[in-house]
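Please read these notes with the structure open beside them. They are meant for someone who has not looked at this model before.

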Amino acid sequence: MTTIVIQTLINGLILGSFYVLLAAGLSLIFSIMGVVNFAHGALLMLGAFCSYVFITKLGLNFFLCLLISVGVMVILGFIIQKIIFNPLKGNELNMMVISLGLAIVLENSAVIIWGPDDRVFPFFELGVLKISNVFLPIDRLLILLSAIVLIVGLYILIQKTKIGLAIRAVAQDLDAATLQGINSNTISPFSFGIGCGLAAAAGTLVSPLFLVSPYMGTLPMVKAFVVIVLGGLGSIIGAVIGGIILGLMESLVATFFGAVFQNAISFLILIIVLVLKPEGLFGEK
Amino acid sequence: MRFYKVAIIAIALTLVIFTGTNVKAETLKIGVISVLSGPGAVWGLGILRGAEMATDEVNDRGGLKVNGKTYKIELIAYDDKYTGKGGKSAGEKLVYRDKVKFIIGPISSASLLAFQEMTEKEKILVLSDSYTEKALSPQKPFTLRMFMTAVEATPLLVDWVLKEYPNAKKAVTIAPNDASGHAGVKVQESAYKKHGIELTSKEFYERGTKDFSPLVTRVQMLNPDVIAFANAPTSDCALMVKLFRQMGSQAVFTDNTSTDFRKMVEITGKKAAEGYIWGAFFDPADPKMKSYSESFKKRYNIEIPSYVDPAFYQAAKAFYYAIEKAQSLDPATVRDTIKYRIPEFESVMGKMLFGGKETYGIDNQAYSAYYASVIKDGKQVILKKLR
């Protein structure tokens, strides 16, 4: 039983690290724009397909693909925010609707370009670590390790750099930040781009495990939404803690009660949080 | 004024001569409802491709000849997304907007059940492959199931598996949590019970799930001898098999649906896929199948991904054969001709015949050949003809 519990917790941590990456980006975008970007799952998918194209057509190394894909999506995110969301600044409802539309456009475009089928992401066989009957597939551990590196990198960017200070200022009070000489017309798209880069990283890291398809971002988008509600809208610490909690809960419930409850627990958590503590664990009231 | 009168008469005469002398084929619209996107698309696209190939053969030879008229066939396809909502929408569009009298598909049970009441009421002939046992009944005379389902096929496969692995005592089923999945598990349960084996567990998961590590961990706890997938898409099965093997499982994997074995090997790797058993509806070495495979590859530039492609090619050909034999476009007449004259018709998957009255109360279930198949060294090997 101990072995099973440990295995379950490790499964949950790995799943949670994927949610953390996705939710951290979503939270960052929310802190800047004040709306939930419903195209985030589609951007994850686009990032995954970027990597897929680089690895299959150009034969690039996986980690190089990851870096390039993140870079491409940061730039694309910058452009999307500038052209699509920025003109609607202040109109949260329209921004939300636009993000839904963007998600549909991106998904359908991916179906037209790459077809609807799941695609296998080429990856090296890394083997499995076995520690006292607990199995740790190395390709899964990679997600956990990469998520830690990326979140630490995000923390350093946000907390220890001038640009991070500017992002925090804009997130806290746009007018005051502008008065201080911070150019929100650059900071906002840049933050959006970082969010998209994190989505691309999440998509690329899970592609060897979950396959690549135009619909791969749909369910994760919903889970990321649950995470940011649980953690607190706009809180990156909340996204980290929330992601880990959700991953662990899903793993525990699915292992001991059945996989049919894996998604149900996410929505139960959402309901409980909205009823009891709507600001989330680390959000502001 | 006189000039204009002459011009009008000349134009009118020209129109009469040229429309009178050209024999224009009429158009016969045939509906296709199938899952064209998402994980089930490997099967759903098979329905569309099968119908397309058979339709093009008919149109290339001039069209269907019925009662002195010639009909070019136009396929109208809608994506049901493997859901009831999608099926209902597709069915209503086809019947009420596009005015079709015949529908090929769907594969999704939820989809069929969502529109079936309407098609039965409107007497629309539906050639489906939905696995739910509710698809066929005496109250639904206009629905034919063109291929064997788990009810007909699974007992044959389970009998064979338990003969090959007589020491297998613990079996677990894994299926999607929907009508198709539950129907598949019910049949597996009954087939194992016949051999005195109670299923150790019946596991279900939501379609769209990609991280199967909790489910695999849960099943591994039970240490089953056989892990039987029921109506799950190949990509889902492959992701699970990969994880099971990574966790050291030595279980025998069986699949009651047709497997895209190439995709299985691509996802899991040759070693993990070794020994994966499924029931195949055709023998790839058969000369008719070989010829069909070549035409298929030439047209679509891929290998045949599952049995659904040749199955619905055969079904559509049988349907067009029946229309010309019956010399009628009346759905009831065409239905009866398919049912009673299909033994005369042989295509890529061999002969077919209709039965099923003892199970469904109506002889609207088609039967065809069935083989025990296994993955060996990354390739499909037919082990035994079970039917």
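This is a predicted model: local features need pLDDT of at least 70, side-chain atom pairs count only at pLDDT 80 or more; totals for chains, interfaces and linings use all residues.

1. Chain B contains 14 helices and 17 strands. Its radius of gyration is 24 Å, close to the 21 Å that the globule rule gives for 387 residues, so chain B is as compact as a globular protein of that length. The C-alpha trace of chain B spans about 95 × 40 × 35 Å along its principal axes.

2. In chain B, 59% of the 387 residues count as buried. The chain exposes about 16,000 Å², and carbon and sulfur atoms supply 55% of that area. Of the contacts in chain B between residues at least 6 apart in sequence, 68% join residues at least 24 apart.

3. An open sheet of seven strands is found in chain B, with mixed pairing and the order S8-S7-S9-S10-S11-S16-S17. Strand S8 (201–205) and strand S17 (379–385) of chain B are the edge strands, each pairing on one side only. On average, neighbouring strands of this sheet are turned by 25° against each other, direction ignored.

4. Within chain B, strands S11 (residues 277–280) and S16 (residues 371–376) run antiparallel and are joined by four bridges. Opposite Ala280(B) stands Tyr371(B) in S16(B). Helix H5 (residues 150–164) of chain B lies across strand S10 (252–255), S11, S16 and S17 of chain B, and runs at about 140° to S11(B).

5. Over all chains, the count is 23 salt bridges. One of them joins the side chains of Glu250(A) and Lys223(A), at 2.8 Å from N to O. Glu250(A) belongs to helix H10 (residues 236–257) of chain A and Lys223(A) to helix H9 (residues 218–231) of chain A, 27 residues apart. Glu250(A) is buried at a relative accessible area of 0%, and Lys223(A) also counts as buried, at 3%.

6. Arg207(B) and Asp178(B) meet through their side chains in a salt bridge of 2.5 Å, N to O. Arg207(B) is in the loop between S8 and helix H7 (213–222) of chain B, and Asp178(B) is in the loop between strand S7 (171–176) and helix H6 (179–194) of chain B, so the pair ties together parts that are 29 residues apart in sequence. Arg207(B) counts as partly exposed, at 25% relative accessibility.

7. A further salt bridge links the side chains of Lys297(B) and Glu303(B) at 2.8 Å, N to O. Lys297(B) is partly exposed at 39% relative accessible area, and Glu303(B) is partly exposed at 36%. Elsewhere, Asp118(A), Lys210(B) and Asp236(B) are joined into one network by salt bridges that share partners.

Definitions and conventions. Residues are numbered from 1 along each chain as its sequence is written. Chains are lettered from A and ligands numbered from 1 in the order in which they are written. Side-chain values use heavy atoms; hydrogens and water are left out. Two strands pair if DSSP finds at least two bridges between them. Helices (H or I, at least four residues) and strands (E, at least two) are DSSP runs, numbered from the N terminus. Axes are lines fitted to C-alpha atoms, for helices over the stretch in contact, and angles run from 0 to 180 degrees between N-to-C directions. Contact means heavy atoms within 4.5 Å. The radius of gyration is taken over C-alpha atoms; the globule rule is 2.2 Å times the number of residues to the power 0.38. Buried means under 20% relative accessible area, exposed over 50%, partly exposed in between (1.4 Å probe, protein chains only). Accessible areas come from the Shrake-Rupley method with a 1.4 Å probe; for residues, only the protein chains shown count as cover. A salt bridge is a side-chain nitrogen of Lys or Arg within 4 Å of a carboxyl oxygen of Asp or Glu.
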